[in-house]
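Have a look at it first.

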Amino acid sequence: DLKQFWQGKSLLITAGPTYENIDPVRFIGNRSSGKMGFSIAEAAAKAGAKVTLITGPVQLAVSDQVKRINVRSAEQMFTAVQAHYSNADCFISAAAVADFRVADIAEQKIKKQSDTDEMTLTLVKNPDIVAWVAQQDDKPYVVGFAAETQNLIEYAKDKLQRKNLDMICANQVGETLGFEQSENALTLITSEQELELSLATKDELAVQLLKFISAQ
Ligand code: PMT
């Protein structure tokens with residue numbers, strides 16, 4: 001029973017995309033509807049956990065039991081995570097964080113140049129939020145996601161190691177896979193174990209993920 005483990009536990013979750021502004025009307029961003037992270041938040045709250053959900057721009061609602069913090073950019077998500085990770089027993093990073101942001105955000109709308117057909121943006125690296133949490137002395141149990149279009153398990157294991165995570169949830173993504181759908185398939189990987197969860201709703205996968213974490 002999920003409640004036995006999660007009742008009273010504190011869980012921090014990130015979800016959704018981040019949007020990196022180019023100017024006041026344009027942005028670049030990653031694909032994510034937020035569904036996966038919101039499903040985990042809802043399932044954990046139902047199991048009695050104290051859930052804080054830090055989310056990028058999404059079209060989803062969440063029940064009152066979940067403390068929701070809305071952010072837009074990766075830097076804002078990072079600041080919110082830094083403020084909340086130390087109270088958490090577990091951190092689940094389901095957000096699709098943009099790896100880069102625009103170096104100089106224009107203060108005014110960039111005007112279309114009539115004399116050129118190209119435009120160049122300089123991007124700089126964003127902080128790696130989940131890797132930062134996993135480096136802290138007082139780190140919670142850290143669960144990351146790996147969204148890959150090829151070599152899923154190999155790349156996921158590499159991220160598990162490189163980011164010093166306790167667990168990674170690998171999912172194949174593509175045009176019609178992973179993002180936005182209500183169903184997904186996940187492989188849960190720790191240094192010791194691998195568990196394949198076949199195609200199911202994200203609500204069902206959330207319950208199975210929380211069960212697997214409680215068994216660690
Ligand atoms: O939101 P949905 O539409 O339901 O789709 C769900 C999902 C496919 C977005 C989700 O299941 C998922 O895989 N989320 C992670 C997507 C991602 O950005 O993966 P990644 O392989 O690029 O990143 C690896 C891990 O590092 C992730 O835990 C990510 O949150 C984290 N990360 C990445 C970059 C960064 N700057 N900071 C991070 O914390």
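The paragraphs below cover the ligand shell, a pair of helices and a hairpin.

Please keep in mind that this is a predicted model: local features need pLDDT of at least 70, side-chain atom pairs count only at pLDDT 80 or more, and totals for chains, interfaces and linings use all residues. Residues are numbered from 1 along each chain as its sequence is written.

Start at the ligand, which 27 residues surround, the closest being Ser33, Lys35, Ile129, Gly144 and Ala147; a residue is near a molecule if its C-beta atom, placed from the backbone, lies within 6 Å of it. Helix H2 (35-46), helix H4 (129-135) and strand E9 (141-148) each give two or more residues to this shell. Helices (H or I, at least four residues) and strands (E, at least two) are DSSP runs, numbered from the N terminus. E9 gives the most, with four residues.

Now follow H2 to helix H6 (residues 202-214): the two pack at an angle of about 60 degrees, with their axes 8 Å apart. Axes are lines fitted to C-alpha atoms over the stretch in contact, and angles run from 0 to 180 degrees between N-to-C directions. H2 and H6 are therefore oblique to each other, a word for angles that are not under 35 degrees (roughly parallel), over 145 (roughly antiparallel) or 65 to 115 (roughly perpendicular).

Finally, find strand E2 (residues 19-23) and strand E3 (residues 26-29), which run antiparallel and are joined by four bridges; strands pair if DSSP finds at least two bridges between them. E2 and E3 form a hairpin with two residues between them, and Asn21 stands opposite Phe27 in E3.
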